[in-house]
Amino acid sequence: MRMGFVGLGNVGSKLAGSLLRNGFDLTVCDLNPELVAAFVAKGAKAADSPAALMQSCDAVITCLPSPQACAAVVEAMLPHVDETKIWMEMSTTEVSEVKRLAALVTEKGGSAIECPVSGGCHRADTGNISIFAGCDRATFERMLPTLTTLGRRVLHTGEIGSASTLKVMTNYLATANLLTCCEALVTMKAAGIDLNTTYEAMKISSGTSFVHETESQLILNGSRDVSFTMDLVKKDIGLFQSLAAAADVPLEISPLLVEIFDDGIAKYGERELSPNIIRRLEDATGLQITAPGFPTELVDDEPEEAGYEVIPTGLSKPVLAS
């Protein structure tokens with residue numbers, strides 16, 4: 001299968017790298033010609049536009065920073081969509097927008113699958129990231145070999161829109177975890193507890209989380225570089241709050257998270273690294289939350305493994321399987 005990839009940013013470059021590393025016929029497209037040139041040097045081909053990419057490929061993946069960017073790319077590709085073509089959306093986007101774009105693709109005879117990822121850039125780099133896939137079962141099974149190359153655990157979530165909904169929910173939980181980790185670290189420092197010991201106590205306890213075991217390390221190192229910025233967090237938690245509001249769910253914690261990140265963006269800028277939300281507490285207390293021995297960046301030390309489909313607990317088969 002000839003694969004196309006649009007969007008070679010922090011996550012996209014790593015996902016596209018997994019395809020190239022595993023021998024896929026890959027053509028790439030990005031507004032940054034240096035990113036494209038780097039992939040061409042490793043064996044990929046280049047397309048000068050999304051339209052040319054769809055014309056020459058069987059399936060095209062988009063991994064872009066905003067719903068607006070994705071819409072512009074998909075609409076540019078539409079003239080070359082037919083019954084042989086597949087669009088794969090790997091961004092975190094609005095449910096209504098992914099449904100709208102998927103409908104445009106299917107009206108042209110093509111197939112659409114939304115497949116956002118979760119697990120951090122370091123796992124995207126090794127093909128060990130998790131993937132949610134929303135689409136009809138036939139399209140899912142057709143693209144499963146590609147999905148299990150891009151990620152290790154692949155969950156078929158249901159029809160188009162279900163994966164984006166679940167992805168927004170998981171990003172909300174990750175943000176809540178990040179903020180509680182920040183409060184825990186600052187409070188322990190203020191109480192006179194060694195931060196290296198604090199990290200281990202959190203890690204081996206019932207209070208641990210994926211976010212603690214990854215982002216807390218970068219907070220304590222001082223680099224705080226998870227390749228994710230405050231404006232992107234604000235987008236994700238805003239999408240979750242919109243979902244709750246549309247369903248008349250009276251959330252209490254979610255609005256507070258939005259308020260905290262609004263304040264962080266006002267103080268430090270929308271492109272500030274997201275773990276630096278801890279600066280609000282560092283500035284308020286005069287404490288510096290760093291400790292020796294932690295890495296400047298996350299590296300996935302697990303070997304790349306073949307991916308597989310995850311069957312939901314309590315079910316004998318996926319929700320759309322016959």
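This is a predicted model: local features need pLDDT of at least 70, side-chain atom pairs count only at pLDDT 80 or more; totals for chains, interfaces and linings use all residues.
Residues are numbered from 1 along each chain as its sequence is written, and side-chain values use heavy atoms, with hydrogens and water left out.

Let me begin with two helices, where a helix is a DSSP run of H or I with at least four residues, a strand is a run of E with at least two, and both are numbered from the N terminus. Helix α8, residues 162-190, packs against helix α11, residues 230-246, at an angle of about 115°, and their axes are 9 Å apart. The axes here are lines fitted to C-alpha atoms over the stretch in contact, and the angle, which can run from 0 to 180 degrees, is taken between N-to-C directions. On the α8 side the contact, meaning heavy atoms within 4.5 Å, is made by T165, V168, M169, N171, Y172 and T175, and on the α11 side by V233, D236, I237, L239, F240 and L243.

Now to the cysteines. How many disulfides does the structure hold? There are zero, a disulfide being a pair of cysteine sulfur atoms within 2.5 Å. For C57, the closest cysteine sulfur is that of C29, and at 10 Å the two are too far apart for a bond. C181 is likewise in no disulfide, with the nearest cysteine sulfur, in C182, 7.1 Å away. C57 is buried at a relative accessible area of 1%, and C181 is buried too, at 4%; buried means under 20% relative accessible area, exposed means over 50%, and partly exposed lies in between, using a 1.4 Å probe and protein chains only.

Turning to charge, side chains of opposite charge can pair when their charged atoms come close. The structure holds 17 salt bridges, each defined as a side-chain nitrogen of Lys or Arg within 4 Å of a carboxyl oxygen of Asp or Glu. One of them joins R21 and E304, at 3.0 Å from N to O, and this pair links distant parts of the chain, since R21 sits in helix α1 and E304 in the loop between α13 and β10, 283 residues apart. R21 is partly exposed at 42%, and E304 is partly exposed at 36%.

Another salt bridge, between D231 and R271, has an N to O distance of 2.8 Å. D231 lies in helix α11 and R271 in the loop between α12 and α13, so the pair ties together parts that are 40 residues apart in sequence. R271 counts as exposed, at 54% relative accessibility.

A further bridge, between D263 and R280, has an N to O distance of 2.7 Å. D263 belongs to helix α12 and R280 to helix α13, so this pair ties together parts 17 residues apart in sequence.

I will finish with L150, which is found in helix α7, residues 137-150. Is L150 buried or exposed? L150 is buried, with a relative accessible area of 0%. Leaving aside neighbours within four places in sequence, L150 is in contact with L15, L19, I61, M90, G127, I129 and I131. Of these, L19 is 131 residues from L150 along the chain, yet their C-alpha atoms are separated by 6.6 Å.
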